[in-house]
Amino acid sequence: MTSRLGIDLDRLEADLRATVRGEVRFDPGTLAAYSTDASNYRQVPLAVVVPRDPDDAAAAVAVCVRHRAPVLSRGGGTSLAGECTNTAVVLDWSKHCTAIEEVDLEGRTAVVQPGLVLDVLNGALEPHGLRFGPEPSTHPNCTIGGMVGNNSCGATAQAYGKTVDNIRRLEVVTGDGERFWVGPVDDPRHPDLMWDAVMVAGGRRAEVYRSLRRLGDEHADLIRSRFPDIPRRVSGYNLDSLLPGGSFHPARALVGSESTCVTVLRAELEISEVPRASALAVLGFPDIATAGDAVPEVLPFEPFRLEGVDHRLADLERARGPHQESLDLLPAGGAWLFVELAGESEDEARDRVNALVGKLTGRGDGVTATVVDDPRHAAALWAVREAGLGATARPGGPAETTPDTWPGWEDAAVAPDRLGDYLRDFQALFDRFGYRDVSVYGHFGQGCVHCRIPFDLVTEPGIATFRSFLDEAAHLVVRYGGSLSGEHGDGQARGPLLEIMFGADVVDLMRRFRAVWDPHGLMNPGKVVDSRPATSDLRLGADWAPADPADTEFTYPGDDGSFQRAVLRCVGVGKCHSPQQDGRVMCPSYRATRDEQHSTRGRSRLLFEMLDGHADTPIKDGWRSDAVKDALDLCLACKGCLSDCPMHVDMATYKAEFLSHHYARRLRPRAHYAMGWLPLWARLAHVAPELVNALSHAPGLERLVKAAGGVAQEREVPRFGPARFTRWFADGDAAGTLPRGRGQRGEVLLWPDTFTDSFHPWIGVAAVQVLEAAGFHVVLPQGEVCCGLTWISTGQLGTARRVLRRTARRLAPAVARGTPVVALEPSCTAVFRSDATNLLGHDRDAQRLSSATRTLSELLLERAGDWVVDLANSSTGQDGPPALVQVHCHQHAVLGQHADVEVLRHAGVHPQVLDSGCCGLAGNFGFEDGHYEVSMACAEDGLLPALRESSDDTVVVADGFSCRTQIEQSHVLDGSATGREPLHLAQVLANRLQGGSR
């Protein structure tokens, strides 16, 4: 097969597979997952190579050079200008090439591989009081290679400079396949790179050095005159690193070249000290331009970070909710500067901040200020600033009135002393083009302005207007002596505009610079210099004609009822790509596999391609696509992305939707019948639960039972309880033996989910004891009821809808009279709170049920707060034990765990909420055949190590049936922490009422 570039793909694939030790992928799913980055652009790759190490990558490049196949070196894939999408062989470093190879603490350097994530590097350096200085907002998931490619900056560039300022050496492969290190020619620490040594050694490196020196020497005056002297000039190539009279530095000349000149194999970084202390002041101004005016007055205080935020971003973050308490600390104003000052001690930092505040508020022109004392609030306010892209990408509301916003002109920079006037003219430009309500924020201390703009990228007139805006915006920033890009690079969005900024003669020098490294034009062609047009290769575009099936099962109320718009939620920021939890659940399967297709972003890309909006899409078979099915197969449906993704992508819902269509009128996997219909089998099993348990665990027969149900052989089938909780309740109620409080707090309806009712009935018993002790009168629903969870998770949505609707009708009378519904299983609670209204739409009974549903802790705090406060005393006054709390994923994503933690504290228990992410079992996922390895990898990511390290008297609290089962079965397998039975919150409280600790 020959590509449109004339490359024999069959021969290319054969040679890559024969040479590369890592992964070589030409399959449709992989090509779809890498077809776009975080930009407006889309190009289907030729292939994807996931190298094992830098040597492997160099070998892959050599094969591509022989075949004249373009190469794209890709880091975290979060680029906003289109530099990480191309019709090329994509090298993905992020899975294997993640090593810190060497750290020289005395010399303050580190040698690293390109796929290393910034936060991982800085986490390793932190014990030494060191860090790599620049920190983009994507620091949990951006790679060092990507930072080198883009010349990344972030807020801390205020103190540390751009990436280019922190690079010592680079090991590279040129566009003709040569491999060598490059660096400064005057540094005796690397004598082999000094000019004379390079010239004596000769070869390709010497040729490159001579060509670069000639280019710098002959055109020094032109380069000096055309390169703006501002902190954030990121556009173009760093020809100023080749000038005579300074340090001739070929490595720094390559930083920011966006993989268009070389492939970087390793980087030697300069590392810096972390400030000993810092303090944060927030300054309020009437508007964002006035905030910009104040920047020159702040700069003499040498801020560590100096960021600007407008009222629009603050309002959007308030609407999203997670940082509400911290946002309330913002002083009066319509825009704010966040100013962090460092010091040798906390007192020194605080004194410096107070001096700054005194100077600016003492002028009498209405500047307001708040000094943020609480580190939690300070961290939350910085998180608000870092979340700017996610908050502004989809402002909320119908697309017709609040259209989605897009990159393209999102990071221009000017001199800080001209920032205020530039912002006024920039706003006037928005007004002239009719782009309304654009949020403006950014790295104001260095004059870098971020925004996302509601471009129309789906009609020809809208795209023409987009192109006109780019031209005028470029001319505006050049009039201010600025740079088209102050952080995100040129790529395809701003590459065609470089002549406006530099002039044709300098752009020609950049073309010559590129040819020195890449004589055949194979390194990421069509980006930066000789870029493809800014309106070509659009991810949407005027010819984008995707399917939007009208027969979707869910109603997608937050996406105008459109599955297509739901899929477009992913903007590619890559939070799901973090290799560490850092308080997040998302994305456990990616952390286990480090595979792009198993990230929320990768799956979103496949679903986008599945909609078939482009003729060249690799996904040709829509809902029947096996590539999409395979990518979704390892989605745990944990819903972590619903809360952790800045765009609230709900991949669990999209997976259920896909499975519903994929298996329509087709035979399903065995597990869908076994576990999807679990509520029915559980009711039947309780005709003779002991017999069912004996048969399902009998030697020989157990293996057949698992095989018949599609259950992994490594798993133990959960045992049914001796009697259903609902039977216990009915028998005790009829006999008048249930404990009864006075019911002074009213009636509550306790939801008997399948897991509590059939497997762990003692949890229901404990909940009744607690609720009665708190003064509630407990009732249960009449008849057989179910929330439909297992049918939802297996995509049997027609059945789930019928089950849910019947349940909502049955509970409607109790809900109508104001009875709260208390649910014990987090996944079932989340169905009532979230999935029910999404599946049943405007069904009033479902909406009322959603509003009436509470967790046990929420009910106690809301309606029995005085009882909760007295709970420690009522448990005989004994101090309680420490507790490790494993938060169920759906509780994390939909319900929140604050109430649970507060109730535990009042009960005298000392909770530590585990930063462990998903337990890995995740309902039916961990039981299904083929999932065991990933399931256990998720558990080993945090949960199981934390349990092994805990003391023997520590109580393990896990409200989720899946979490408890994973803990119990894992302990049986590895022999650790035996006898550590995980408890539900209800059991912990019941034990405390009885004076016990367990």
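Visitor: How do H33 and H46 sit relative to each other?
Guide: In this predicted model, H33 and H46 are oblique to each other; that is the class left over once angles under 35 degrees count as roughly parallel, over 145 as roughly antiparallel and 65 to 115 as roughly perpendicular. The axes of H33 (residues 761-773) and H46 (residues 985-993) cross at roughly 55° and come within 8 Å. Axes here are lines fitted to C-alpha atoms, for helices over the stretch in contact, with angles from 0 to 180 degrees between N-to-C directions. Helices are DSSP runs of H or I with at least four residues, and strands are E runs of at least two, numbered from the N terminus.

Visitor: Which residues make that contact?
Guide: From H33 they include Trp 762, Ile 763 and Val 770, and from H46 they include Leu 989 and Leu 993. Contact means heavy atoms within 4.5 Å.

Visitor: And what's the numbering and confidence basis?
Guide: Residues count from 1 along each chain as its sequence is written, and side-chain values use heavy atoms, leaving out hydrogens and water. As this is a predicted model, local features need pLDDT of at least 70 and side-chain atom pairs count only at pLDDT 80 or more, while totals for chains, interfaces and linings use all residues.

Visitor: OK, switching to the sheet. What order do the strands come in?
Guide: E1-E2-E4-E3, 4 strands in an open sheet with mixed pairing. Two strands pair if DSSP finds at least two bridges between them.

Visitor: Which ones are at the edges?
Guide: E1 (23-25) and E3 (71-74); each has a single partner strand, so one side of each has no neighbour in the sheet. From one strand to the next, the twist averages 20°.

Visitor: How do E2 and E4 pair?
Guide: E2 (residues 47-50) and E4 (residues 89-92) run in the parallel sense over 3 bridges. Ala 47 is opposite Val 89 in E4.

Visitor: What does H3 touch there?
Guide: H3 (residues 54-67) packs on the sheet and touches E2, E3 and E4, with its direction at about 175° to that of E4.

Visitor: Last one: how are H36 and H37 arranged?
Guide: H36 and H37 are roughly antiparallel to each other. H36 (residues 826-840) and H37 (residues 844-852) pack at about 170°, their axes 8 Å apart.

Visitor: Who meets whom between them?
Guide: Phe 832, Arg 833, Ala 836, Thr 837 and Leu 840 of H36 meet Ala 846, Gln 847, Leu 849 and Ser 850 of H37.
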